[in-house]
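Visitor: I'd like to learn how to read a structure like this one. Could you walk me through it?

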Amino acid sequence: MSAPLAARLFAALGASPAFVDDVLGDLEELRAQPRPAGMFSSRFWYAAEVLCALPHALRDGLRGVGLGHVIDWGQKALSAHLLLGVATLVGGGLAHEAVVADILVEPNAPLGLLVAAVLAALMAWCVALGYLAAWMERERPLIVALATALFNAMLHILMLWPTASDVGAVVIVFPAIGALLITAGGLWRALRRPASRRLA
Amino acid sequence: MNDALRGTFETTVLATVAALGDGASGLDIRRVVAERTGRTHAVGAIYTVLQRLEAKGFVVARVDEPRAMRGGRARRLFTVTGTGARALDDFRRRADVAWGVSSPALA
């Protein structure tokens with residue numbers, strides 16, 4: 001992981017430029033220092049340190065966040081769902097039917113090429129949802145993608161809950177995979193285009 | 001009480017900034033905290049606490065010159081303010097009072 005990529009990642013969480021400069025500057029200094037033999041490679045060490053700093057960047061990004069921000073993120077999560085839902089209404093409906101019919105209701109049914117294609121399309125839909133949600137937010141795109149992932153997961157858990165006795169762990173596993181894919185989509189967008197206001 | 005010292009880590013960081021004197025860098029603070037506590041904290045954790053202390057007015061930061069070894073980034077050097085020193089004294093006094101209370105269990 002490179003420093004500019006890490007800077008984009010922190011900025012996508014809304015971390016202040018001062019925090020980004022402090023952390024990445026220190027990591028550059030530490031990277032230049034010799035480390036004991038047997039330690040991880042420099043690149044791996046740097047990526048691990050950036051990952052360790054992520055919760056703190058998130059905390060920094062959430063400083064000063066009020067109810068207005070939360071409502072705004074909720075609106076964006078809902079808008080992304082509606083926009084993409086309407087845009088893919090027919091295909092999405094067919095895909096949902098196919099998955100429900102072939103996987104959830106009849107788990108022993110042969111997993112045909114069609115179902116595999118539908119699953120791939122659903123995964124792409126989730127990535128697109130995350131990308132769209134992050135695209136709507138300029139200051140903290142990754143936080144909006146995370147909010148969208150959470151909203152989507154809650155929605156699907158509520159929808160699948162009545163069938164929990166039939167489908168078992170699918171109630172949790174499907175929404176969790178969806179949330180991961182939505183976050184990945186948001187990450188993709190956030191790393192392509194840096195957050196605008198806070199990145200100096 | 002938003003302007004009081006919160007938790008052991010916050011107190012340790014503020015005490016370390018005070019011990020290092022004028023213009024302590026984040027890396028120096030991290031190193032001394034690790035020496036004092038025996039635990040190495042993430043770089044981000046140190047700055048999260050330093051920003052909180054700065055917001056409370058317990059430390060002030062000044063920006064150093066940009067350095068090539070930091071990828072062209074400047075360091076921020078932290079110094080304890082009078083309010084921060086008083087908060088540390090207050091914390092120590094309260095801790096002394098707490099430990100000074102005679103307990104039947106310790107007797």
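Guide: Gladly! Let's start with domains: their bounds come from an automatic or database domain assignment. The model here is predicted, and its chain A is divided into domain 1 (3-61) and domain 2 (67-192).

Visitor: How many residues does each domain of chain A bring to the contact between them?

Guide: Residues count as touching when their C-beta atoms, placed from the backbone, lie within 7 Å. Domain 1 of chain A brings seven residues, and domain 2 of chain A also brings seven. On the domain 1 side, helix H1 (residues 3-12) of chain A gives the most, with four residues. That side of domain 1 splits into four nonpolar residues, two polar and one charged.

Visitor: Which residues have the most contacts inside the largest nonpolar core?

Guide: The general idea first: in soluble globular proteins, nonpolar side chains tend to be buried together. In this model the largest nonpolar core has 60 residues, and A:Phe10, A:Leu142 and B:Val13 have the most contacts inside it. Domain 1 (3-61) and domain 2 (67-192) of chain A each supply at least three residues to this core. Leaving aside residues up to four places away in sequence, A:Leu142 touches A:Ala12, A:Leu13, A:Ala134, A:Gly186, A:Leu187 and A:Ala190.

Visitor: And what does the contact between chain A and chain B take from each chain?

Guide: It takes 19 residues from chain A and 16 residues from chain B. On the chain B side, helix H2 (26-37), helix H3 (43-56) and strand S3 (73-80) each supply at least two residues. H3(B) gives the most, with six residues. By type, the chain B side holds seven nonpolar, five polar and four charged residues.

Conventions:
Residues are numbered from 1 along each chain as its sequence is written. Chains are lettered from A and ligands numbered from 1 in the order in which they are written. This is a predicted model: local features need pLDDT of at least 70, side-chain atom pairs count only at pLDDT 80 or more; totals for chains, interfaces and linings use all residues. Two residues are in contact if their C-beta atoms, placed from the backbone, lie within 7 Å. Ala, Val, Leu, Ile, Met, Phe, Trp, Tyr, Cys and Pro count as nonpolar, Asp, Glu, Lys and Arg as charged, and the others, Gly among them, as polar. A nonpolar core is a set of buried Ala, Val, Leu, Ile, Met, Phe, Trp, Tyr and Cys residues joined through C-beta atoms within 7 Å. A residue is buried if 20 or more other C-beta atoms lie within 10 Å of its own, exposed if 12 or fewer, and partly exposed in between; C-beta atoms are placed from the backbone.
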